Amino acid sequence: MDTMRFQGPGFALDVPTNWVVAASPQAQAVFFGPQVSGIQSNLIITIRRVATGVTLQEIARVSDENQRVVSAN
């Protein structure tokens with residue numbers, strides 16, 4: 001599999017060349033794989049500070065909302 005190097009803010013990834021790379025206001029990087037049997041893989045990377053006292057459930061809820069926004073665009 002051929003890969004390309006993606007350099008993000010504070011991270012780097014080797015990504016398959018047949019994946020689409022994008023960004024959005026909610027995410028530093030969004031990777032969309034090709035559809036296989038009607039299913040499209042994706043990887044969304046967000047980096048942000050979390051306030052003291054924030055629960056894991058709240059982080060999961062906000063991440064879910066952001067993924068829905070990014071996937072809709």
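Leaving aside its neighbours within four places in sequence, which residues is phenylalanine 6 in contact with? They are Phe11, Ala12, Leu13, Val15, Val21, Ala29 and Phe31. Contact here means heavy atoms within 4.5 Å.

This is a predicted model, where local features need pLDDT of at least 70, side-chain atom pairs count only at pLDDT 80 or more, and totals for chains, interfaces and linings use all residues. Residues are numbered from 1 along each chain as its sequence is written, and side-chain values use heavy atoms, with hydrogens and water left out.

View 1. From the N terminus on, the order is β-β-β-β-β-α. Helices (H or I, at least four residues) and strands (E, at least two) are DSSP runs, numbered from the N terminus. The C-alpha atoms fill a box of roughly 45 × 30 × 20 Å, taken along the principal axes. Of the 73 residues, 21% are buried. Buried means under 20% relative accessible area, exposed over 50%, and partly exposed in between (1.4 Å probe, protein chains only). Among contacts with a separation of 6 or more, 17% join residues 24 or more positions apart.

**View 2. Three strands form an open sheet in the order 3-4-5.** The pairing is antiparallel. Two strands pair if DSSP finds at least two bridges between them. Strand 3 (20–24) and strand 5 (39–45) are the edge strands, and each pairs on one side only. From one strand to the next, the twist averages 25 degrees. For such angles, axes are lines fitted to C-alpha atoms, for helices over the stretch in contact, and angles run from 0 to 180 degrees between N-to-C directions. Four bridges join strand 3 to strand 4. Valine 21 stands opposite phenylalanine 31 in strand 4.

**View 3. Six residues make up the largest nonpolar core.** They are Phe6, Phe11, Val15, Ala29, Phe31 and Ile45. Strand 2 (11–16) and strand 4 (27–36) each supply at least two residues of this core. A nonpolar core is a set of buried Ala, Val, Leu, Ile, Met, Phe, Trp, Tyr and Cys residues joined through side-chain atoms within 4.5 Å. In soluble globular proteins, nonpolar side chains tend to be buried together.

**View 4. Ring pairs link Phe6, Phe11 and Phe31 into a cluster.** Rings of Phe, Tyr and Trp (its six-membered ring) pair if their centres lie within 6.5 Å; planes under 30 degrees apart count as stacked, over 60 as edge-to-face and the rest as tilted. The count by this rule is two aromatic pairs. The rings of phenylalanine 6 and phenylalanine 11 have centres 6.0 Å apart and planes at 35 degrees, so this pair is tilted. Both phenylalanine 6 and phenylalanine 11 are buried. The rings of phenylalanine 6 and phenylalanine 31 have centres 5.2 Å apart and planes at 85 degrees, so this pair is edge-to-face. Phenylalanine 6 lies in strand 1 (residues 3–8) and phenylalanine 31 in strand 4, so the pair ties together parts that are 25 residues apart in sequence.

**View 5. Phenylalanine 31 is buried, with a relative accessible area of 1%.** Leaving aside its neighbours within four places in sequence, phenylalanine 31 is in contact with Phe6, Leu13, Val15, Trp19, Val20, Val21, Ser41, Asn42, Leu43 and Ile45. Valine 15 and phenylalanine 31 are 16 residues apart in sequence and 8.4 Å apart in space, C-alpha to C-alpha.
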